[in-house]
Amino acid sequence: MNRLTIDVGTTNIKFNIFEDYKIKESLEMRIETYYEEFGKVYQSPERILRQIKRGIQNLTQKGYDIEDIIFSTAMHSIMPIFETPREEELLIWQDKQASEFVKEFKKTEQAISFYKKTGTPIHEMSPFAKIASFKNKGWFSDVKEWIGLKEYLIKAFTNKKVVDYSVASATGLFNIHTKKWDEEILEFVGIEERQLAQLADTDTFYPISKEMAEAVFLSDKVNVYVGASDGCLASYACYLANGTVNTLTIGTSGAVRKVTKEIELDDEGQTFCYYLTKDYWVVGGASNNGGQVLEWANKMLYKESSSSIYKELEHILTHAPIGSHGILFLPYISGERAPLWNSEVHGSFSGLSLGNEREDLLRSIIEGILFNLKLIGDLVELEPRDISVSGGFFEEPILTTLTADIFGKNCIQSQYSEPNFGSICLVSKPTSYVLSEHKRIFFNEENHGAYTKSYINFAKTVKSEL
């Protein structure tokens with residue numbers, strides 16, 4: 001049986017054809033993001049849909065007989081659908097138009113109350129904040145629907161306006177205790193339940209529409225599964241492939257997560273808790289500042305095309321000692337979600353002296369990225385076991401070793417730690433945890449002790465920002 005998973009993240013669309021639990025074919029397409037003034041950040045859902053259709057056509061023309069399609073999408077996207085049609089602009093998590101609203105709302109008692117209902121931290125990333133901030137706009141009353149990318153795609157493929165519990169639980173509008181849209185929150189933001197999609201569990205499926213089946217050269221017997229969010233599915237994949245409940249993903253951004261069997265909420269609203277399946281929840285925190293910080297450093301400090309920070313990693317980490325000769329780097333060059341939940345915070349260096357060298361500066365940047373993610377891991381209260389790692393950051397083996405030493409946990413790497421494998425497991429849960437070859441990176445106890453001293457200073461510095 002061939003199943004097609006389609007994972008629509010923030011920067012890429014990834015297609016994978018699975019036969020049972022093995023990947024038979026892969027395809028990847030880039031997504032374009034648009035940035036405008038006043039913090040507006042959006043994508044074109046129409047263009048994304050066209051890319052998806054082209055991707056499926058590419059695969060079906062290779063002769064694959066696809067029986068199921070399972071979707072995963074990034075969290076926090078939202079767009080208004082107007083009574084009078086306008087160009088569709090899908091606001092994504094990076095959109096900051098709600099910053100002023102969030103700053104004021106966090107001062108109220110409702111902020112923590114709404115967090116404890118939804119498991120979604122109060123931040124401009126969420127559809128809750130975006131919709132609430134638009135409430136007084138002149139065009140607000142002309143909106144007939146509010147939908148995210150998952151609803152848009154499922155409607156295009158099945159003619160059903162549906163969103164899964166997992167994506168819904170990251171909107172800030174969904175009550176994770178009742179598994180319904182929350183009436184009090186909807187009233188607060190000024191919308192009605194009829195303007196939102198119907199809710200469904202993550203293993204729900206519908207037949208593909210005849211129109212779509214014809215357009216992408218598929219049988220009209222294909223089932224389309226609603227699926228879940230990419231972050232939750234990445235955690236599920238790691239759990240079922242490797243038996244690890246702890247996960248660390250570093251791509252452009254970063255996230256630390258763990259799979260739990262019950263709802264876990266933070267007293268101060270600093271971590272998220274999102275629905276995955278009837279049996280599992282995903283608790284964690286996401287950082288804006290993952291691999292893009294290295295890209296920034298590379299652009300700033302390496303002007304010659306013949307060299308790069310990636311080519312010099314071994315030299316940097318050998319030449320500069322653990323702790324970067326006293327330099328601490330706060331990696332908040334793009335504001336921050338967890339652990340600060342503050343879009344206005346900035347990156348900074350401290351501890352600089354005349355004795356520091358270029359390598360100290362570069363090492364402090366790398367350490368700062370990982371110290372920040374460890375801080376999130378401490379908030380999440382990771383289990384005292386191994387941690388599965390995934391994302392482009394870990395394509396560099398030396399960075400995986402560094403991560404193991406800083407976290408004090410053995411790291412597991414596997415090709416089955418991505419959302420696509422989690423999607424397959426939603427449809428057909430495997431009976432064995434170890435499904436693939438994986439690489440295990442052991443941490444060094446002595447190095448971990450040395451990093452811990454610098455990490456304590458980092459944590460104290462960050463807490464002074466709170």
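Reply: Gladly! Let me begin with the cut-off we need: a residue counts as buried when its relative accessible area is under 20%. Please keep in mind that this is a predicted model.

With that cut-off, strand β19 is mostly covered, as seven of its seven residues are buried. In a regular strand, side chains alternate between the two faces of the sheet. In β19, Trp281, Val283, Gly285 and Ser287 point one way, while Val282, Gly284 and Ala286 point the other way, and all are buried.

Now for the partners of this strand. Strand β17, residues 254-260, pairs with β19 in the antiparallel sense, over seven bridges. Within that pairing, Arg257 has Gly284 of β19 as its bridge partner. Strand β18, residues 272-275, also pairs with β19 in the antiparallel sense, here over four bridges. Tyr274 finds its bridge partner in Val282 of β19. A hairpin through five residues joins β18 to β19.

If you follow the chain out of β19, you come to the loop between β19 (281-287) and α10 (291-301), where Asn288 has its place. Asn288 is buried too, because its relative accessible area of 4% falls under the 20% limit. A polar atom of the Asn288 side chain lies 2.9 Å from the backbone oxygen of Ser334. Leaving aside residues up to four places away in sequence, Asn288 touches Trp93, Thr252, Ser253, Ser334, Gly335, Glu336 and Arg337.

Phe128 is worth a visit of its own. Not counting residues up to four places away in sequence, Phe128 touches Phe101, Phe105, Phe114, Ile122, Thr171, Gly172, Leu173, Ile185, Phe188 and Val189.

Helix α12 also holds Ser364. Ser364 is buried, since its relative accessible area is 1%. Beyond residues up to four places away in sequence, Ser364 touches Ser324, Ile327, Phe329 and Phe349.

For another view of how helices meet, look at α13 (residues 397-407) and α15 (residues 445-463), which pack at an angle of about 70° with their axes 7 Å apart. That angle makes α13 roughly perpendicular to α15. At their meeting place, Leu402, Asp405, Ile406 and Phe407 of α13 contact Asn447, His448 and Tyr451 of α15.

There is also an open sheet of three strands, with the order β4-β5-β8 and antiparallel pairing. Its edge strands are β4 (34-35) and β8 (90-91), each of which pairs on one side only. Two bridges join β5, residues 41-43, to β8, and Gln43 stands opposite Leu90 in β8.

Arg54 is partly exposed, with a relative accessible area of 44%.

Notes:
Residues numbered from 1 in each chain as written. Predicted model: local features only at pLDDT ≥ 70, side-chain atom pairs only at ≥ 80, totals over all residues. Heavy atoms only, no water. Pairing = 2+ DSSP bridges. Contact = heavy atoms within 4.5 Å. Buried < 20%, exposed > 50% of the residue type's maximum accessible area, 1.4 Å probe, protein only. Polar contact = N/O pair within 3.5 Å; in protein donor to acceptor, adjacent residues only side chain to side chain. Axes fitted to C-alpha atoms, helices over the stretch in contact; angles between N-to-C directions. Parallel < 35°, antiparallel > 145°, perpendicular 65-115°, else oblique.
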